[in-house]
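Please look over the structure below before reading the notes. They are meant for someone who has not seen it before.

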Amino acid sequence: MSLDISTKSKIEQIISVLKTQKKTLSCAESCTGGLIASAFVDVSGASEIFEGGVIAYSNSAKKEILQVPGDIVETFGAVSKETVIAMASASAKLFNTNFALASTGYAEVNSCANAQGGVMYLALYAQGHIKIEKLRLSHERNMNRKIAVHTAINMLFTELCGGQ
């Protein structure tokens, strides 16, 4: 995914702030399939703050790799605020980071019989606190994924830089 100038600038500012604060970032991605991690590692200096990421696309990967409790996935579903909270917290724990971004959702608008197509949840783990965004998107699959990535980056940018 190529970054527009505004997004690249935000990532550069995020990297600068995290370096100055000696803080680190990780991610756990499902519907974005590694695009959040890629957006960061596309920018020079990311290696100083980015510890790693997990693409946990299947429910078993969410449970086995990220240790998302099975009862959360079974009770609330893989696409839920409860699951994305668990994913963000698990990423921070797994990589021992101060900040983590997580995504889960249905990128394909017409993919679900239960009318949840285009619904995505994003979470920001910020030093023990969680912020969530729920998106209801109606574009084609890859556009929805790009919007989710930009939203996740904006969540972290707002947290660290006040949305400047």
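Predicted model: local features only at pLDDT ≥ 70, side-chain atom pairs only at ≥ 80, totals over all residues.

1. Residues are numbered from 1 along each chain as its sequence is written, and side-chain values use heavy atoms, leaving out hydrogens and water.

2. An open sheet of 5 strands runs in the order β2-β1-β3-β4-β5, with mixed pairing. Strands are DSSP runs of E of at least two residues, helices runs of H or I of at least four, numbered from the N terminus. Two strands pair if DSSP finds at least two bridges between them. β2 (50-55) and β5 are the edge strands, each pairing on one side only.

3. β4 and β5 are antiparallel, with 8 bridges. A126 has H129, in β5, as its bridge partner.

4. Helix α6 (residues 141-161) has 21 residues and should span 30 Å at 1.5 Å a residue, which agrees with the 30 Å between its end C-alpha atoms. The expected span is 1.5 Å times one less than the number of residues.

5. Buried residues (under 20% relative accessible area, 1.4 Å probe, protein chains only; exposed is over 50%, partly exposed in between) of α6 include R145, F157 and C161. Just after α6, G162 takes a positive phi of about 70 degrees.

6. T75 is in helix α4 (residues 70-76). T75 counts as exposed because its relative accessibility is 57%. The C-alpha atoms of T75 and L25 are separated by 29 Å.
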